[in-house]
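This report covers pockets and aromatic contacts in one protein model. The sequence and structure come first, and the text follows.

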Amino acid sequence: MLHANHFVADLARSVGFLSRLPVPDRFFAGYDGTVSRAVRAFPVAGLLIAFLPALLLLSLCSIQSTAGDTLLPVLIALALITLLTGALHEDGLADAADGLGGGRDADHALLIMKDSRIGSYGVVALILSFGLRAAALAGIARLSPEAAALALLASAAVSRALLVAHWRALPPARNNGVAAGAGMPDDAARNLALVIGAAAGLVMLIPGFGLLHALIALGLSAAAAWGFTRYVSKKLGGHTGDTIGATQQLCEIALLSALALGL
């Protein structure tokens, strides 16, 4: 029972860290602000954050006059999940794209990433992120709105598990960044997050896509996290809050694209 209570507390703190959803103050009484253990609940937090957008997507698709009119419901669902997260991961993607794309070296890249202004790399990255995710979900929804809603839930859980892996794999690129202040994920927390994310992904995807299709999509999402982590390691020598957010976006894009292309 004690372990269950600890996980509930970690889940509440994870929701508070990853979104703008209200969380009762009692979960933060005496809390030091680190998420070293709480990251184990990130995939479940992703499911909670994506639940209303997925339900909205399913509801809007069900009232469309024709089966092909799925792009608008998808965009509305993506807009809602972006509002619920405060564009946390999108902001990270844009900043990471500007820094990694425009930085001459690690120091220059980190300096660019700290700048609140958005550059051309960031704009293009955001356009591609929303465009690819919307196109993939719309393609899935044309065949099965239920499968699209489940795919949105799966991508939210899996991508937030894989961002923990990226976070744990690299040291902080700067000592005074947000990610450094939040603490390094524990190995056990990272491992549990990956297990929960993979299990949630399979449970959500197998009914609509089958086991093989689900495994391929999960594998490609993991490959995206691994490839981006290697690139960031060579470019920056460590992670930042922006590269963590970018990892979430890239993994979500990879998973949804793999699901749509495999139909």
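Leu93, Ala97, Ala125, Phe228 and Leu250 lie nearest the centre of the second largest pocket, which is lined by 14 residues in this predicted model. Helix 4, helix 6 (120–143), helix 10 (211–236) and helix 11 each give two or more residues to that lining. Helix 4 supplies the largest share, five residues. By residue type, the lining of the second largest pocket comprises 12 nonpolar and two polar residues, with no charged ones. The volume of the second largest pocket is about 210 Å³.

The largest pocket holds about 430 Å³ of space. Its lining has 22 residues, and those nearest the centre are Leu88, Val178, Ala179, Gly241 and Asp242. Here too helix 4 (88–102) is a contributor of at least two residues, along with helix 1 (2–18), helix 5 (106–114), helix 7 (145–169), helix 8 (178–182) and helix 11 (241–261). With five residues, helix 4 gives the most to the lining of the largest pocket. The lining of the largest pocket includes five charged residues, besides 10 nonpolar and seven polar ones.

| Pocket | Volume | Lining residues | Nonpolar / polar / charged |
|---|---|---|---|
| Largest pocket | about 430 Å³ | 22 residues | 10 nonpolar, seven polar, five charged |
| Second largest pocket | about 210 Å³ | 14 residues | 12 nonpolar, two polar, no charged |

The structure holds three aromatic pairs. One of them is formed by Phe17 and Trp167, whose rings are stacked at 6.3 Å centre to centre with 25° between the planes. This pair links distant parts of the chain, since Phe17 is in helix 1 and Trp167 in helix 7, 150 residues apart. Phe17 has a relative accessible area of 32% and is therefore partly exposed. Trp167 has a relative accessibility of 1%, so Trp167 counts as buried.

Trp167 also pairs with Phe42: the ring centres are 6.4 Å apart and the planes stand at 45°, so this pair is tilted. Phe42 lies in helix 2 (residues 42–62) and Trp167 in helix 7, 125 residues apart, which again links distant parts of the chain. Phe42 is buried, because its relative accessible area is 0%. Through these ring pairs Phe17, Phe42 and Trp167 are linked into a cluster.

A contact between a charge and a ring is found at Phe130, where Arg133 lies over the face of the ring at 4.8 Å from the ring centre.

How values were computed
Residues are numbered from 1 along each chain as its sequence is written. This is a predicted model: local features need pLDDT of at least 70, side-chain atom pairs count only at pLDDT 80 or more; totals for chains, interfaces and linings use all residues. Side-chain values use heavy atoms; hydrogens and water are left out. On a 1 Å grid over the protein atoms alone, a cavity is a set of points where a 1.4 Å probe fits but cannot get out, and a pocket is an open set with protein on both sides within 12 Å along at least five of seven lines; lining residues have an atom within 4 Å of a point. Grid points are joined across faces, edges and corners, and a volume is the space filled by probe spheres set on the points. Helices (H or I, at least four residues) and strands (E, at least two) are DSSP runs, numbered from the N terminus. Ala, Val, Leu, Ile, Met, Phe, Trp, Tyr, Cys and Pro count as nonpolar, Asp, Glu, Lys and Arg as charged, and the others, Gly among them, as polar. Rings of Phe, Tyr and Trp (its six-membered ring) pair if their centres lie within 6.5 Å; planes under 30 degrees apart count as stacked, over 60 as edge-to-face and the rest as tilted. Buried means under 20% relative accessible area, exposed over 50%, partly exposed in between (1.4 Å probe, protein chains only). A charge sits over a ring if NZ of Lys or CZ of Arg is within 6 Å of the ring centre and within 35 degrees of the ring normal.
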